[in-house]
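Please look over the sequence and the model shown here before reading on. The report after it is meant for a reader who is meeting this structure for the first time.

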Amino acid sequence: MKKPRIGVFVCHCGLNIAGVVDVERLAEEAKGIPGVVFSKDYIYMCSEPGQEMVEETIKEENLDGIVVANCSPSLHEKTFRNLAKRAGLNPFKVEVANIREQVSWPHENEKEQATRKALTVVRETVKKLAGDLEFEPFQIPVTHSALVIGGGVAGIQAALDIADAGHDVYLVERTPTIGGKMLQLSETFPTLDCPQCIMTPKMTEAAQHPHIHILAYSEVEEVSGYIGNFEVKVRRRSPYIDWSKCNGCADCAEVCPVNMKSEWDEGLALRKAAYRPFEQAVPNKFTIDKSAEEAPCRAACPVHLNAHGYVTATSAKEYGRALSLIRDEAAFPFAGVAGRICTHPCQEACARQEVDDNSVAVKHIKRWLADWELREKGTAHMDVETSEPSGQRVAIVGAGPGGLQAAVDLRKSGHEVTIYDAQDKPGGMLRAGIPAFRLDKDVLQKECELVFKLGVGYKPNTQIGMDMPLKKLIEDYDAVYLSVGAYKEGKMGIPGEELDGVSGGVQFLGELNRGKTPKLGKRVAVVGGGNSAMDTARSALRLGSEVTVIYRRTEREMPAIADEIHAAKEEGVKFMLLTNPTKFIGEGGKLKSVEVIHMKLGEPDSSGRRRPIPVEGSEEILEFDNVFLAIGEKPDLSFITEADGIELTPWGTIAVDEETLATSNPKVFSGGDCVTGPATFIDAAGAGRKAARSINLMLEGKDFTLDRANELSRKSDLVGDKDLATPASLKPMPELEVADRIANFNEVELGYSEEDIVEQASRCIHCGGCSECRLCEAACEPDAIAHFLEDWTEEISVGAIVVATGYELMPLSAMPEYGGGKFKHVIDAMQFERLLCASGPTAGEVRRPADGKVPKKVAFVHCAGSRDPEHGVAYCSRVCCMYLVKQAMLYKHAVHDGEPYLFYIDIRTNGKRYEEFYARTLEEDHATFIRGKVSRLYEHDGKVTVYSEDTLTGQPVQLEADLVVVAPAMIPSAGATELASKLRLATDEYGWISEAHPKLRAIETLTGGVFVAGVTQFPKDITDAVLQASGAAGKVLAMFSRETLEREPLIAEVDQDICTGCGVCEEVCPYDASTVDSVKKKAKVNEALCEGCGACAAACPSQAVKLRNATRTQLFAMIEEATRDY
Amino acid sequence: MKKIAYYPGCTLKTTGKAFEQSAFAVTGALGIQMREIERWNCCGTVFSLATDDTMHHIATVRNMIRVEEMGEREVLTLCSMCYNTLKRANEFIASDPVRLSELNDFMYKEELKYSGKVKVRHLLELLRDDVGWDALKAKVTNPLEGVKVASYYGCALVRPAGAGVDSLEDPTVMEDLVSSLGAEPVNWPSRLECCGSYHTIGHKELIFERTERIVGQALNAGADAIVLSCPLCEFNIGARQHEVAEHVYAFKQIPVLYFTQLMGLAMGIEPGDLGITDERVLAWLSEKVET
């Protein structure tokens, strides 16, 4: 074997190394290392004379390897490898011994030890070199198109520069327009150029450039591949408007009733849910802002009505549209019924309650819409398109709300539907159990008829079980839905219940509703605390009796809705609480009196309500002529026989699967009160809708059990923006005077006026953004609105990527000492930019956002969060000094008698003409600069007290300001870290993208082919951002100037004989370069993807993977050498 | 009845007796039994900031041993200063097993080695987190309607970050308490400022200046009274007010109460049982708060 001929070159690095390490001695002693045939030191080895010397020596001494003892290999390894190539030496026979970062710098005060350590480092590097093999770089092709992520000024600049050279550029921007933050600024320092004037032309140029493809409202979802050959998936967010048709006319925004905060105006102005960020937006297209989740009201509805939508349409006085959303689109006939008696889960969920304790009056709005239609059009309408006849037949038992809703939905799907009902008129419990003073029977009748108009068969007076056996229905039809309700009255099980004068409340209500007038005595008792009890009591009262409600717990535990209890009290119903009957006492078979016992409350029971406990010896006898029991009803299921194969529960209800409402008979479904026991109207309708879905899926031959949970009613986490609340409060519903109520059965609630209902609808704070009222559809001439357009993915192939995702400001909420965003007269600097800007919300007049007053004293707070590790930001944000100086100047120009006060720590004006600009603000505009950090702000009486100090005089300072402008720290854009990980880029502890070298490679990242431009690398001003962007474009173009690229050959290799295919390397590889062939069960390294990090080599349990020129043998030899003396 | 170990500290047995008396009265009414730990010693008064100064935390650790001897895992404090010192010293020691064992070795005569697991809590935390404002509201028989109260946090209750009972810069616990009692919390600027602390010994004039400023701002904000949780603050901006009046022309005074005293008044407890004896305060009470 040939003897190695190794040269050692020791660099002084000026005094960086030579100041500590005795370089001459090192060079001398290196000559004694086995294999070393030459050694020399020089002051700057990386300089031209230094390099020439090395090059010459390689040739003259016929060296077959060199060790350069200098700085970190990340700095100059490449330099010396290039040099070796020129000298005819294989570049991979060059090794760097780092004696600067690892020796001279950390051992500044230990010169002797440092020199010894340096020698050890050189010795071990020589050992490594001895094991190095010669390699040749391999070539990979380059795709000549680029991706630029971020459409701010840096992204646009990079895109233009690359495209101008004739290459395709995909410019991906997250918001609906390119332009970025710069466009929001009023004017730019130090030239006072207006960004609209210098930026919009650039945007237009980008839009019109044949080589630039703007992908606005899009995000990079996935990046695979490697330098020169990236495959990128871009998620195109649906703007819900077909941009190929949108002509930017703004008709949609004009009709859109939903107000939201404008991002462009930093929340100081409103925009519509259908919007364009600003007039000069590029692309000039509109976007509809929808939340991924539905508004809480809409999500909560058991029949899934779009409450948000019809409330919104009502606020725009588009009543027909509003009603159409309920009837035609949601196929829900009962607008008028629900508007009267629904227990409105939508309102329970409404976020408006957080603003002023009352939800939006969704129920009343719905009633008003139904009444409006009857008033304006004479009758109710429901325009539901039915599908082609399916040839399938469904029978429904029970014409209550559940049966009718199921009928509508099944008919809509094209099935033939027949409803069987025991009563002579439809409506079920709505008709029988709810008195006319709560629900106008005419409204009910009209809305029931809407169902039959769809072609639903209706067989009244047909009691299944008596007139026709259930078995026959099951045989004759393809599916059966049982929604027979719960009519069987509960008994108390105490003596005397059989007496004349003791009867059920529901039975009484039923008789009344059938037009009979039962004769009652003077004194009537109603036992129970639910809605039926209240209805019974209020009905009995109207027949002229004195009515007492007897309930065993307190009012707090009553299941009846609060409004009903309140109305009953108002009308004169007496309440005897914590009392329960124990015996009905009769005379001659007729009720005479009732023995009751008084109760107290104990611990909560299974329902969570406190259990009533009888108080011993508190019995009492009370005189009553009639007693109505309204203590809960049960379904009468005597029509179901064992042969029907329908299982019942131990509680005497029908057993069903909760999510599908399937019974144990595969053809039969059931829901509503006969399944749950007495519940609400809307629950029954919801069950009908749910069952209809199951039946329809079954009839279509699909599996109806999949993904059914929460399909109709669910919880939404949206909370809305309370700032968007109108001041209107909830007005009470106009009602009949008590005196006008108690003698008749007229409806008590009269309904709102049009003016009031619009005001009520306007109280909505639009938690879900767009309400899908779809008024825009009708307004859009080119028919571009596409409410059901979904996000899509676009795949592009590029050779290089420029990341320019920019920054955002630290939110004021992170700074409680400055009010945490709660102070009205404290704003952030970007908001002040908008106030100064001609295109801003005040058209450039400086007015306080909260009250429109012109502020005469404005305090500017520098370094809010920046240079402040307590806030997590130790760095200087670099632009705040200059823009605050500019803002002070512009404020002075706008408000001549205004007084700007700038509280600063240091004024940093490190740019061309920046210091002069600062001096001008100081000298010509007389801004007051106070050197001191603001410690606290205190808002009171329309002013803000600024507490600070003047460190130049050592005095505390206190200033009463009209407005405070805070310059928050710049922090990376939301999602920047996620993007970085998709691109396999490193970020620093703050989230800024790490450059390859802070000085010499500040545009490159550590991932080949990915470059960084603008603030996403670190805060910088526009000038620097544009410079870096052009630099990045230059780097990209340099790549694109070649057809192929060289790749480092120092990558991992797999010894196929040893590899067991365990896959550990695949798991640890951060670049997805290592994969196990599923057939051969052997690992393979993708040469183009491998970055040579060595993670796989370290992890491989069988040592099959080795990293070229960093093999185990080499590393152990180095360790041995390093530890030789110990 | 909930039981909790209670560490009084020296001031609560001397100048701050009213704080202790009123705290016993209100916690009793809320069903909390404060059990004073036996043989307690000074908290150490000021948390030592030197990172290698283990010795100066011995006072705290000894108190923690007393708590563990009672079989308790929590100790309640009233005085803000004691809370601050005990909490920080306890965490400083407990977070480092080496320091902890050093101190335990040093105190080899103690029967028990300190485990490092005792939690130091302030009564305000207990009221907010364990009792809850709704439960407190339910105990209010005499809502202090129309009474405007300035909450004074001082420095030790909320600083430094991590050791305080609430947000460092924008705490709300005392304002929430005041609202729960039916009174109206006022917005005022000095609630987080320092009262001058121990300068009260050597530089009284500095305390006068602080008190004038703090009291003045409370009055400017329309407050009828100041509530606080630190006996030293009370001494400086409460007890010293009549001295300030001698030095400062037209100085207006304001009643200063411990938060427990305000609670007691709202819960219908007699002023005498809350240690309210100051005639000025009593006169104010008869005018503002009907008990």
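Predicted model: local features only at pLDDT ≥ 70, side-chain atom pairs only at ≥ 80, totals over all residues.

Residues are numbered from 1 along each chain as its sequence is written, and chains are lettered from A and ligands numbered from 1 in the order in which they are written.

Helices (H or I, at least four residues) and strands (E, at least two) are DSSP runs numbered from the N terminus, and two strands pair if DSSP finds at least two bridges between them. In chain A, five strands form an open sheet with parallel pairing in the order 20-28-21-22-23. Its edges are strand 20 (502-504) and strand 23 (574-576) of chain A, each of which pairs on one side only. Within the sheet, strand 21 (residues 523-527) and strand 28 (residues 626-629) of chain A are joined in the parallel sense over four bridges, and Val526(A) has Phe628(A) as its bridge partner in strand 28.

Val526(A) also belongs to the largest nonpolar core, of 155 residues, where Val526(A) is among the residues that touch the most other members, as are Ala407(A) and Tyr481(A). Such a core is a set of buried Ala, Val, Leu, Ile, Met, Phe, Trp, Tyr and Cys residues joined through C-beta atoms within 7 Å; buried means that 20 or more other C-beta atoms lie within 10 Å of a residue's own, with C-beta atoms placed from the backbone. Helix 25 (residues 681-699) of chain A gives the largest share of this core, ten residues. Apart from it lies another core, of 141 residues, including Ala158(A) and Tyr891(A).

| Helix | Following residue | Phi |
|---|---|---|
| Helix 16 of chain A | Gly378(A) | about 80° |
| Helix 5 of chain B | Gly132(B) | near 90° |

Among the buried residues of helix 5 (residues 123-131) of chain B are Leu123(B) and Arg128(B).

Finally, six residues of chain A are in contact (C-beta atoms, placed from the backbone, within 7 Å) with five residues of chain B.

Note on methods: Contact = placed C-beta atoms within 7 Å. Buried ≥ 20, exposed ≤ 12 C-beta atoms within 10 Å, placed from the backbone.
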